[in-house]
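Please look over the model shown here.

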Amino acid sequence: MNRTPITPERLRAAFAPTSFAIIGASEKSNFSRLVHANLVAAGHESRTYLINPRSPAVHGRPTHPTCVSVGTPIDLAFVMVPASSTVQALRDAADAGAKGVLVLSSGFAETGPDGLQLQQELTSVAEELGVVLIGPNVLGYVDVAARIPAMALANPPQEPGNVALISQSGASCGAMKDFAALSGVGLSHVITVGNEAMVTVGHLIDYLVEDDQVEAIAVFMEGIRQPEVFASAARRATLAGKAVVVLKAGKSDLAARSATAHTGALVGDNRVVDAVFERLGVIRVDTVEDMLVTAGFAAHTGPLEQTGLGVVSISGGACDIIADLAHDAGVRIPDLTEGTVREIAAVMPSYGHVQNPLDVTGAAIIDPDLFRSAVTAVGNDPEVGAVLVVNSLPLGDAGEDFYGQPLVDAIGAGLIGSKAPGSYLTQVTQPIGATARQAMSRGGVPHVIPGLRLGVDAFARVAQWSRRRARIDSTEVAQSVVVRTVGAAPLSEVEARNLMKSAGVPVVPAVHVHSGVAAAAAVRQFGCPVAMKIVSAGIAHKTDLGCVHLGVTEADADRIYDEILIAAAHPTANGAVLDGVLVSPMRSGGIELLVGVTRDPDWGLMLAVALGGVLVEVLDDVASAPLPVAKGEARRMLERLRGAALLHGVRGGKAADLDALAEVVCSIGRLAQELEPTLDSLEVNPLRVDGATIEALDALVVWRASE
C-alpha cells in the first residue's frame with residue numbers, strides 16, 4: 001500500500017483541533033480523567049465529547065455511544081479502548097470528520113508479533129481513511145501557545161516558551177516536563193510519539209521547524225524510525241538555526257556490523273549514531289537535565305557568531321570553577337582585548353583584576369552599576385560569543401521581594417547592552433521558582449541556567465553546534481563517484497591490492513610468488529627482510545592461522561613458504577583455495593592506522609579511521625562519518641583521534657603529511673562508494689604513515705551476502 005507522506009501540512013491540520021472526542025471515556029481510567037480535566041481547564045469543555053456506549057455519564061457529563069452520534073464534526077479523537085477495538089474506534093472517528101487520532105491504548109508492537117500485526121492493520125486503516133495516527137501507546141501532546149493540552153499528564157505547562165519537547169517515552173515525559181519548569185526552560189510543545197506507527201520523531205521535527213514559536217527542539221528517543229525522514233528534518237532544523245538536542249538511550253554496542261572486518265566492531269551502533277548526528281548538526285547529550293538546559297540555551301542564543309565564552313561573576317571562587325569546567329569541556333575562554341580591559345579598568349576598584357573570567361568583587365554590591373558596565377563590556381568583546389553572569393537567585397517562593405534585586409537589575413541592563421547573548425547563572429543547581437522568575441522579569445533578565453556545570457556544558461555544546469552548522473552549508477562537497485561493476489566473488493589480498501591501486505591508494509611493494517625459490521628471489525630483490533603472507537580469498541584473518549611471517553631473510557624464505565602453505569591447509573581454514581604467497585619488504589617506524597568502511601543497515605556506508613593497526617580494538621581510538629566524506633572532513637576525523645598528537649610528531653617522530661593522508665582516506669571512501677551496490681565492508685589495516693610516506697600494508701574486501 002502506498003503511504004501518503006506525512007507532511008507539515010497534514011500534521012498542522014491534526015495539531016490544530018477545535019473539537020475533541022474521548023473514545024473509551026471512563027471513571028476508572030486515569031488517562032480519561034487527566035485528558036478531560038486538562039481540556040476543561042483550558043476552556044474546551046463545550047467542544048469535548050465523551051464516547052462510551054455502556055455508561056450514560058462519565059466525569060459528571062453525558063456520554064455518546066459513538067463519535068458519529070455526536071452530530072457535529074470531531075477534529076481530534078483520543079482512543080482509550082482495548083487494542084482489539086482500536087480499528088473500529090478509528091473508523092468511527094474518521095466518519096465523524098477526525099483529522100487526527102491519538103491512540104493511548106497499548107498492546108501493539110511493543111508486545112510482540114501479534115501486537116505488531118495489529119499495529120500494522122491500524123496504520124493501514126488510518127492510511128486508507130486519510131487520518132493522521134499518533135501512537136499507539138502515547139499520552140498525547142500539548143501546544144502551549146494554542147492552549148491545547150491534549151495529554152494524559154497532570155499540570156501541563158501554561159506559559160508558552162520556545163523549546164519543543166518530543167519524547168518516545170510517555171512515562172519519562174512527565175519528569176522532563178517538570179524539570180523544564182524547575183529549571184526555567186519554557187516549553188512551546190510537549191509531544192509523545194509512542195510506537196511511531198505513522199508519525200515519527202523526524203516528521204515532528206520537520207513540522208516544528210516551521211513554527212515561529214519554536215527556537216530549539218529537545219528529543220528523548222530510544223531508536224530512530226525512518227532514518228531518512230529524521231536526517232532530512234534534522235538537517236533542515238540545523239540550517240534554520242534551530243538546534244535539535246537529542247538524548248538517545250542505548251549506547252551499548254550489542255553486535256558488530258561485520259563478523260569479518262575489524263571496522264564493524266570498531267564503529268558499532270553508538271558510534272554510527274554519533275557520526276550521523278555530527279553530520280546532521282544534532283547535539284547529543286546523556287541526561288534529561290543536559291537535554292533541556294542545552295535546548296533552552298540554544299533557543300535563547302541561536303547559532304553563536306563567536307565560540308569564545310565570557311564570564312562575569314560576583315564570586316572569585318565561581319570564576320575558578322568555571323575555568324576548570326571550561327578546560328574539561330574544551331571551551332575557549334579568550335583573553336579580553338585591550339579596549340575591553342581599558343573599559344572595565346575604568347570602573348573596577350584598584351584591588352580588582354581585569355581578566356576573563358572576571359570577578360567584579362564585592363564592590364558590585366555597593367555599586368551595582370559596576371556589574372552592568374562589566375557585563376556589557378565583556379559581552380561586546382569581539383572574541384566573546386556568549387556571556388555567563390554568575391550571581392544568586394532566591395530559593396523558594398516566599399512572596400517577598402528579593403534582597404538582591406539591584407544586582408539582578410544591573411545584570412539585566414548589562415545583558416541588554418551586550419551584543420553577545422547572555423545568561424544569568426546560579427552557582428548551584430536550584431529550582432527557578434516564582435520569586436526568582438519575578439526578580440528576573442523585573443530586572444529584564446532574559447534567560448537563566450541553574451548551576452555552573454550545566455551552564456558551561458550547555459555553552460560548550462551550542463558552540464560546537466555553531467561550528468558544525470557553519471560547515472553543513474559550506475561549499476566543501478565530496479567528489480561524485482561512478483559505480484564500478486565488480487563481481488561479488490571473494491578477493492584475495494593480491495586482488496584487493498590491485499583494487500586499491502586502481503583507486504589511487506598507495507600500497508607497499510610486493511611480489512606474488514608460487515614457490516619457495518621464487519620467494520627467496522623476491523627477498524633478494526628487496527634487499528631486506530620481508531613479510532610473507534598467504535594469498536587466499538577464503539582466509540580473512542591470516543595471522544590467526546599462522547599464515548603471516550615477519551622479518552624473513554633470504555636463507556629462510558624457501559622453508560617459510562612451505563610452512564605458510566601447511567598452516568593455511570589447517571581444517572579451520574575450511575578448505576580455502578590457496579594461491580601462493582605475497583612477499584613484501586618489512587617496514588619499521590611510522591604510525592599504523594586502520595581505514596575502513598562498513599555498512600550500517602539504517603545509514604548506509606560508514607567510514608572509520610583508527611589508530612593502532614593490529615591493536616585497533618585494544619586502543620579503541622576511532623573517528624567515523626557516513627560517506628561521502630570530503631578531504632576537509634577526513635582531516636578533521638584524523639584530528640579528532642585521541643592519539644592525533646602522534647600524527648603531528650612527538651619525541652622526535654616525523655609529522656605526518658595530513659593533507660596527503662586525508663586524501664588517501666578519501667580515496668578509500670570513494671572506492672567503497674564505487675563498490676556500494678555489492679560491498680559489505682572494505683578495510684585497509686594497517687595503513688602505515690611515516691611522514692610523507694603512506695602505504696597500505698594489508699587490505700580486505702567483503703561483499704554483501706546474497707539475499
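The report below takes up confidence, then the pockets, then a sheet and a helix.

## Confidence

This is a predicted model. The protein chain has a mean pLDDT of 92. Of its residues, 96% reach 70 or more.

One stretch stands apart for its scores. Over residues 253-260, pLDDT stays under 50. The model still has 22 contacts for these residues beyond four places in sequence. Where pLDDT is low, the predicted coordinates should not be read in detail.

## The largest pocket

The largest pocket holds about 1000 Å³ of space. Its lining has 31 residues. Nearest the centre lie Asp-274, Glu-278, Gln-464, Arg-468 and Arg-640. Five elements are listed as giving two or more residues to this lining: α8 (262-280), β14 (283-285), α16 (452-472), β26 (622-626) and α21 (631-640).

Helix α16 gives the most, with eight residues. By class, the lining of the largest pocket has 13 charged, twelve nonpolar and six polar residues.

## The second largest pocket

The volume of the second largest pocket is about 800 Å³. Its lining consists of 28 residues. Thr-543, Val-614, Asn-685, Pro-686 and Asp-698 lie nearest the centre of this pocket. Two or more lining residues come from each of β21 (530-534), β22 (548-552), β23 (581-585), β27 (679-690) and β29 (699-703).

Strand β27 gives the most to this lining, with five residues. The lining of the second largest pocket divides into 13 nonpolar, eight charged and seven polar residues.

## A seven-stranded sheet

Seven strands make up an open sheet. Their order is β9-β8-β11-β10-β12-β13-β14, and the pairing is mixed. At the edges are β9 (148-151) and β14, each of which pairs on one side only. On average, neighbouring strands of this sheet are turned by 15° against each other, direction ignored. Strand β14 also gives two or more residues to the lining of the largest pocket.

Which strand pairs with β10 in the parallel sense over five bridges? That strand is β12 (residues 216-221), and β10 covers residues 163-167. Within this pair, Ala-164 has Ile-217 of β12 as its bridge partner.

## A helix across the sheet

Helix α6 spans residues 201-209. This helix lies across four strands: β10, β11 (187-192), β12 and β13 (243-248). Helix α6 runs at about 170° to β12.

Conventions. Residues numbered from 1 in each chain as written. Predicted model: local features only at pLDDT ≥ 70, side-chain atom pairs only at ≥ 80, totals over all residues. Heavy atoms only, no water. pLDDT = per-residue confidence, 0-100. Contact = heavy atoms within 4.5 Å. 1 Å grid on protein atoms, 1.4 Å probe; cavity = no way out; pocket = protein on both sides within 12 Å on 5 of 7 lines; lining within 4 Å. Points joined across faces, edges and corners; volume = space filled by probe spheres on them. Nonpolar A, V, L, I, M, F, W, Y, C, P; charged D, E, K, R; others polar. Pairing = 2+ DSSP bridges. Axes fitted to C-alpha atoms, helices over the stretch in contact; angles between N-to-C directions.
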